[in-house]
Amino acid sequence: MADQQELQVQQKREVDKGQEATTPTRAFMPNADIFDTEDALTVVLEMPGVDRDNINISIENGVLTVEGKINFAKYEGLQPVYSEYNVGPYRRSFRISSRIDQDKISAEMRDGVITLMLPKAEEAKPRRIEVRTA
Amino acid sequence: MVMGYADPFETLFAFQRALENRLSSDWLGTTTAAMGAYPPVNVFQQGDDLVAIVELPGVNKEDLNIQAKENTIRIAGQKTIEYPENVSLHRRERLSGVFDRTLVVPMQIDPDRIKAEYNDGLLALFIPRAEKDKPRTIEVR
């Protein structure tokens with residue numbers, strides 16, 4: 001029944017800049033679900049307005065970064081009269097603790113939601129350790 | 001605001017500022033009973049007509065129910081999130097549930113000609129202004 005709950009607005013969070021950016025534009029942090037199975041880590045990010053051609057995924061030094069750009073051409077000729085949310089690129093990084101097989105990362109985009117499957121490297125999978133009797 | 005493409009950052013900045021300036025503007029006046037409710041809506045003017053762009057990531061098109069009558073538009077539906085079995089959740093920020101929001105547009109519209117498109121998690125409603133509501137130039141003889 002959890003699904004019947006009334007949806008609440010989640011305020012968009014801005015990306016913490018860390019250093020001052022050279023451009024004054026704002027970027028947003030997509031909402032994320034992260035879950036873990038034996039074989040893979042799955043990261044799901046909500047990036048409404050981003051299509052599959054405008055996504056950039058990278059892993060460097062154990063940090064996964066996902067960026068999504070908005071195609072502003074769609075807003076051409078539109079003059080805002082009322083707004084409840086702002087629009088801008090999305091960016092978010094996660095430190096990945098498991099060893100990931102980078103060659104096998106796959107991503108799927110649907111309705112503004114990207115699902116990343118990060119398969120664990122062989123040596124990172126949990127192993128059952130047998131206890132021997134002496 | 002006119003969008004140019006000479007400098008994409010300047011364009012984005014100008015656009016973000018324009019949205020900021022219209023944040024919860026009184027354009028909808030007191031006519032909306034559900035301000036601040038889900039889903040969030042931006043409204044734009046395109047010539048005489050209106051375009052409402054609604055952020056609704058991860059909703060199945062079949063689960064969206066849009067109705068229009070006179071100058072009200074109702075956006076209802078549900079968003080479901082399924083997790084595979086036997087997973088350990090590290091982070092859970094996405095929300096699921098039902099929504100039902102009614103917008104009352106402060107001008108006369110043509111409800112029969114509203115068009116809706118759902119792409120990349122954005123619902124766009126193209127709302128034509130009623131012919132009789134359009135401003136007319138009055139010729140002085």
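**Exercise 1.** Which residue stands opposite Asn65(B) in E4(B)?

*Solution.* The model is a predicted one. Begin with the two strands concerned: E3(B) pairs with strand E4 (residues 72-79) of chain B in the antiparallel sense, over six bridges. Within this pairing, Ala76(B) is the residue of E4(B) that stands opposite Asn65(B).

**Exercise 2.** Determine the strand order of the open sheet in chain B and identify its edge strands.

*Solution.* Three strands make up this open sheet, in the order E3-E4-E6 (chain B), and their pairing is antiparallel. Strand E3 (64-69) and strand E6 (97-104) of chain B each pair on one side only and are therefore the edge strands. On average, and with direction ignored, neighbouring strands of the sheet are turned by 10° against each other.

**Exercise 3.** Describe the side of chain A that touches chain B.

*Solution.* First, count the residues: chain A contributes 43 residues to the contact and chain B contributes 54 residues. Next, assign elements: in chain A, strand E3 (32-36), strand E4 (40-46) and strand E7 (79-82) each provide at least two residues of this side. The largest share, five residues, belongs to E3(A). Finally, sort by class: the side of chain A that touches chain B comprises 18 nonpolar, 15 polar and 10 charged residues.

**Exercise 4.** Which strand of chain B is joined to E7(A), and in which sense do the two run?

*Solution.* The partner is strand E1 (residues 41-46) of chain B, joined to E7(A) by three bridges; the two strands run antiparallel. At the residue level, Phe44(B) in E1(B) stands opposite Pro80(A).

Methods
Residues are numbered from 1 along each chain as its sequence is written. Chains are lettered from A and ligands numbered from 1 in the order in which they are written. This is a predicted model: local features need pLDDT of at least 70, side-chain atom pairs count only at pLDDT 80 or more; totals for chains, interfaces and linings use all residues. Two residues are in contact if their C-beta atoms, placed from the backbone, lie within 7 Å. Helices (H or I, at least four residues) and strands (E, at least two) are DSSP runs, numbered from the N terminus. Ala, Val, Leu, Ile, Met, Phe, Trp, Tyr, Cys and Pro count as nonpolar, Asp, Glu, Lys and Arg as charged, and the others, Gly among them, as polar. Axes are lines fitted to C-alpha atoms, for helices over the stretch in contact, and angles run from 0 to 180 degrees between N-to-C directions.
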